[in-house]
Amino acid sequence: MDTQTIGEEEWNELQKNLTETIPVYDRVNRFATLGQVGRWRRIVRSLLPQGRLLEIGCGPGSFAEGVEGRELVCLDPIPEMIEVARLRVNAERERRRDPPATFVEGTAENLPFEDNSFDSICTLFSFRDWFDKRAGLQESLRVLRPGAKMVIIDPAKVNRVHGLMGVLWMKIWVGAYARFVCGKRDHPWKWLTKTYSAFGTTRDYVRMLEEVGFENVRSRVLFPGMATVWSGQAPDSD
Ligand SMILES: C[S@@+](CC[C@H](N)C(=O)[O-])C[C@H]1O[C@@H](n2cnc3c(N)ncnc32)[C@H](O)[C@@H]1O
């Protein structure tokens, strides 16, 4: 595992662990982020333009259920995640009289969509888990329309020292709660620490977004320094 890739065996193991998180996913996330995760999701929503939206790595639908009044496609490689998200998100959309969202099984690295087919893409707490981040960004660029926007959010790592503090936070604070909630020492949040340890810095992914071809790339570390949001735009056609 490094800043750009995760090997096949490790990624399969990670996916098994992510499946195990489903029943307590939102509860542990709220605790781990000191209740900030809802505010961060609202910030991501506010950065997304109107039009057809793709969420890559939708997980159990924690972000997607709050997306209002636009066409929504949710993608995830884990069938169990998709089933939970479909029920949750579409129940909420029906209540609001929005058309149902579409759910697709797949990975960021091989998006099963046509070129130029989305007005925006977002990916929340999933980019860190992509097995080939550069390939996933290239695929995202391919399916975005000219001028369309990509927004990414993941745990922040500004530099090595900040990264070390993040690892301690995840191991001690999140680890203790996850052990309690899951009722076992070998809980699936151990993989959060593993993927975060291998994750690059904010600047690494600014560079990667630019190298892949995104324009107007920006990054912002969100209060209290636990998450970074990146955004970039597909080049205009002319
Ligand atoms: C921690 S969950 C995030 C769920 C949700 N987006 C949220 O806001 O909480 C990460 C999700 O990313 C998915 N994922 C992992 N690798 C992926 C890949 N290569 N392509 C697309 N999704 C991936 C996982 O299956 C998992 O459901």
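Begin by selecting Arg27, Val28, Phe31 and Ala32 in helix α2, which meet Val174, Tyr177, Ala178 and Val181 in helix α6, where two residues are in contact if their C-beta atoms, placed from the backbone, lie within 7 Å. These contact residues divide into seven nonpolar, no polar and one charged (Ala, Val, Leu, Ile, Met, Phe, Trp, Tyr, Cys and Pro count as nonpolar, Asp, Glu, Lys and Arg as charged, and the others, Gly among them, as polar).

This is a predicted model, in which local features need pLDDT of at least 70 and side-chain atom pairs count only at pLDDT 80 or more, while totals for chains, interfaces and linings use all residues. Residues are numbered from 1 along each chain as its sequence is written.

Now select the whole of α2 (residues 25-32) and α6 (residues 160-182), whose axes come within 10 Å and cross at roughly 150° (axes are lines fitted to C-alpha atoms, for helices over the stretch in contact, and angles run from 0 to 180 degrees between N-to-C directions). The two helices are therefore roughly antiparallel to each other, a term used for angles over 145 degrees.

Next, select the ligand together with the 21 residues that surround it, of which the closest are Gly57, Gly59, Ala108, Leu124 and Ser126; a residue is near a molecule if its C-beta atom, placed from the backbone, lies within 6 Å of it. This shell has twelve nonpolar, six polar and three charged residues.

Finally, show the whole protein, whose C-alpha atoms fill a box of roughly 50 × 40 × 35 Å, taken along the principal axes.

Notes. Helices (H or I, at least four residues) and strands (E, at least two) are DSSP runs, numbered from the N terminus. Angles under 35 degrees count as roughly parallel, over 145 as roughly antiparallel, 65 to 115 as roughly perpendicular and the rest as oblique.
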